[in-house]
2 protein chains.
Amino acid sequence: MRQYEMFEITLRGPELKESWARADVRAVFTHEGKTVTVPGFYAGEGVYKVRFLPMEPGEYVWHVSGAVIGEGREECVPAVTHGPVRASGRGFAYADGTPFQPFGTTIYALVHQSRELIDRTFETLAAAPFNKVRLCVFPKDYDFNKNEPEHYAFEKNADGAWDTSRPCFAFWDAFEEGLRRLNSLGIQADLVLFHPYDRWGFNGMGHEKDLTYLDYLTRRLAAFPNIWWSLANEYELTARTVEEWEDIEAFVSDHDPYGHPLSCHNIFNVWDANRPRITHASIQTKDLLRLPVWQERFAGKPVLIDECAYEGDIEPFWGSITGQEMVRRFWRCVSQGAYCTHGETFYSDDDVLWWAKGGVIHGESPARIGFCRKIIESLPGQLEGEPTFLPRLLKAIRSSEEEREAALESLPKHFHVFAQALAKSPDADSYASSEIGWYGHIGTDVYLRFHDTRPITRDTLELPEDRTYTIRVLDIWNMTDETVAKGASGRYTVKLPGRENMAVLAVAEG
Amino acid sequence: MRQYEMFEITLRGPELKESWARADVRAVFTHEGKTVTVPGFYAGEGVYKVRFLPMEPGEYVWHVSGAVIGEGREECVPAVTHGPVRASGRGFAYADGTPFQPFGTTIYALVHQSRELIDRTFETLAAAPFNKVRLCVFPKDYDFNKNEPEHYAFEKNADGAWDTSRPCFAFWDAFEEGLRRLNSLGIQADLVLFHPYDRWGFNGMGHEKDLTYLDYLTRRLAAFPNIWWSLANEYELTARTVEEWEDIEAFVSDHDPYGHPLSCHNIFNVWDANRPRITHASIQTKDLLRLPVWQERFAGKPVLIDECAYEGDIEPFWGSITGQEMVRRFWRCVSQGAYCTHGETFYSDDDVLWWAKGGVIHGESPARIGFCRKIIESLPGQLEGEPTFLPRLLKAIRSSEEEREAALESLPKHFHVFAQALAKSPDADSYASSEIGWYGHIGTDVYLRFHDTRPITRDTLELPEDRTYTIRVLDIWNMTDETVAKGASGRYTVKLPGRENMAVLAVAEG
């Protein structure tokens, strides 16, 4: 047994004829006087397993009861890994406290491909910059997603309906192999538990079958250290009511002893990340100008833009942004202390699109996402969005009279009229948000100014007077990182080359 | 006297000591039994003038009365030009019916520069693709706009206040020379009558003085064939109430016998172009996704995006879009049957920025705007926006039950759920508008599909089955226009090179 790694107990017992999914088996783990009970699962042919993820080193005593009985004692050795990731403030951290900043990609039907293709995908992932993958449990039926998988999650009844009480062990074994391989690459598995793109009947089984499926799934998978729960991809499009979603949210949360990240991904209506069990917002939107809105609404929780369109050349809107645009979306997000997710949709002769099936990466963005990740991970903390002039002004003139007066005081006279007109405008929020700058800071330690598509040739920073800064100019596309000044303080103007994709980074010296 | 050209009567009379601006002089023009009365103006040193823009050829008899008296008879010869531009449906046309499609630029303080600089500006304009210029009557005080003009519109009182009743003739003569030079280049002068960027006191003279100024201005300028009235630049920021603006709108309209285009330009709140005297919407916005909203709100009137940021490299947001982005904004507008306006703001050693003062053009967009203009002017009519799938679906599911059923019928099953969820979403409009395609058509004669920044490699057109089309692929940045198919009908897939800035144009054959 090792801290942060899945520990598995295997026992033999009676072969089950029915209710495989909810087998009567559990283990009680006792460690330093504290006990945890975790349910086990039936693995077929009279084999019962219980999985456990020890969070602390030391001695554990366990007792299995139910259809099988057993007990044991394990010395849990200290971790050699960082442990499972949890939401932590506006960001994430591994269990040992190491910050985790998600730089994810999307391979919805990764596990429903041939072994050969899966192998190729993992080769690609091993060399790619991604530390999170969104993937579905159920197979996908959609454009470019027409292949039949080898296994399904359940056996079928005589009438052809899925029998969720009888899981298909071959499926789960193969699925878990995928999760293990992701884990070995240090990649979080953002598991999509339900989705609407279905021709097999997994969408629309009915609420009871949904819960039986989740019961088995959580018994098997909750002890994986690298699991995240994404209740749905595009929850509104599946055959479930909001009440059923809320019930599913509670069920998954209650059946996860480890507090893995838990979210629900929308198509139109962002799921309320303020709900207590939800750990972070997982948002589909192309409108990154609204990032500050989501961050304010879900203050204190991480915001992930888990779908913002994909780098590709296919006809639909969602699959045809340029590599540059994909990379800029990452920088827009990270500059605000939010996160973005990659996907790739290029036509291919063999109909293998990364976003659907994996394979190899054709796009230009991943290398640059790696550059972004390297820069962001090198900073001493998580960035926080720095409102630019207009959003700041709008906020000030809408707050107390004192703040309003102070804001006006600091402005040239013709801006007083501007501010007063802005305050009265019904379009004020839209106007102010169109002037958003992708600026962020970490206290007074770091200032990042991402200039996006703006080809400016000068950038004037207003740094604190009482600290000195090293200023770097980043070309986020050509991946250059040039130090242009040391010891800078106060108002400081940086020269820029007058092209898109530039950022200025000021890091405090000592 | 020539049709569509300004005719001027000059008479000598008593020197005026006061009320120059509202001199007692008018002319009655009689033509084919119809009479028109137009006020004249005082031009200084006992000179009175009356200006008239004859719209039809033939014999005119005129009588001047008031402080000076005179009469005459003129044979008005037929036009050699197209006449003044008027709003016509969603577009514009010259008086002779020739369509006019505005491709404008912005030189706010054009006339307040040195003669040498003005000459240089006109040399530039002569070689540029622009057929409209936004320019201010009053000088401008703003960043990059600090120079003192040679003349002001009025003389001053002993107390230093502007005496609007005593126009500065040297100013108006110089100003009119600018208008004439624009006219000789076939360029419409979109005259900004008021604006907020002022250090001289022209903003805040009070309503009575505003009207005196407008009285003199309309007497002098209304007979220029190439005049448009832009009541303001950013009306909300000037020192006037909405009621005063409405009064100004009525005053200008009532004092213009010729129906020149009349608009009012906003900073936040688009002026209501449905007001009867307003001929077209003149909008400042960077959010072109809302174009269909403005077009629907002001149905039947032209929509001009008269300010959408400028090509340049300066620090402010409004002055730092790339040339490519400037050109794309033109194509987005024209694809929807709307229009866009250019401006340019590059730092320059002599502090001459095109948008402020004119001079020479440094940017890359104007040549491409010329390419756009050539293509658009070659089409047999004005494009109309073609809603893409989502806006169309949203409209259908919000309309009659029949239309909703028909819309759902035409969709694959999983889209039924999608449509129903969309219909219920509070974010539906925002979602649908984020999926806008820049597609337009002229009946079934022309289909334009501007793909903007989307690097697609295939584009599938659904052309009418009963006509044949020539299909062209346009690279709107590299200015190539390649015919890729003739005789195309029905569903037709075009190959595209997989880069930004491409458009597909299908024109019916015969």
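Reply: Leaving out residues up to four places away in sequence, Asp459(A) touches Arg449(A), His451(A), Thr493(A), Val494(A), Leu496(A), Val504(A) and, from the other chain, Glu315(B). Here, two residues are in contact if their C-beta atoms, placed from the backbone, lie within 7 Å. Before going on, a word on the source: this is a predicted model, where local features need pLDDT of at least 70 and side-chain atom pairs count only at pLDDT 80 or more, while totals for chains, interfaces and linings use all residues. Residues are numbered from 1 along each chain as its sequence is written, and chains are lettered from A and ligands numbered from 1 in the order in which they are written.

Back to our residue. Asp459(A) sits in strand 26 of chain A, which covers residues 458-462 (helices, H or I, of at least four residues and strands, E, of at least two are DSSP runs, numbered from the N terminus). Is Asp459(A) partly exposed or buried? Asp459(A) counts as partly exposed, because 19 other C-beta atoms lie within 10 Å; buried takes 20 or more other C-beta atoms within 10 Å, exposed means 12 or fewer, and partly exposed is in between, with C-beta atoms placed from the backbone. As for Thr341(A), 118 residues away along the chain, its C-alpha atom is 29 Å from that of Asp459(A).

Chain A has 12 helices and 30 strands. Its radius of gyration is 25 Å, close to the 24 Å that the globule rule gives for 510 residues, so chain A is as compact as a globular protein of that length. (That radius is taken over C-alpha atoms, and the rule is 2.2 Å times the number of residues to the power 0.38.) The C-alpha trace of chain A spans about 85 × 55 × 45 Å along its principal axes, and 48% of the 510 residues of chain A count as buried. Among contacts in chain A with a separation of 6 or more, 69% come from residues 24 or more positions apart.

Chain B puts in 40 residues and chain A 39. On the side of chain B that touches chain A, the elements giving two or more residues are helix 11 (413-424), helix 12 (428-434) and strand 26 (458-462) of chain B. Helix 11 of chain B gives the most, with five residues. By class, that side of chain B has 17 nonpolar, 11 polar and 12 charged residues (Ala, Val, Leu, Ile, Met, Phe, Trp, Tyr, Cys and Pro count as nonpolar, Asp, Glu, Lys and Arg as charged, and the others, Gly among them, as polar).

How do the two copies line up?
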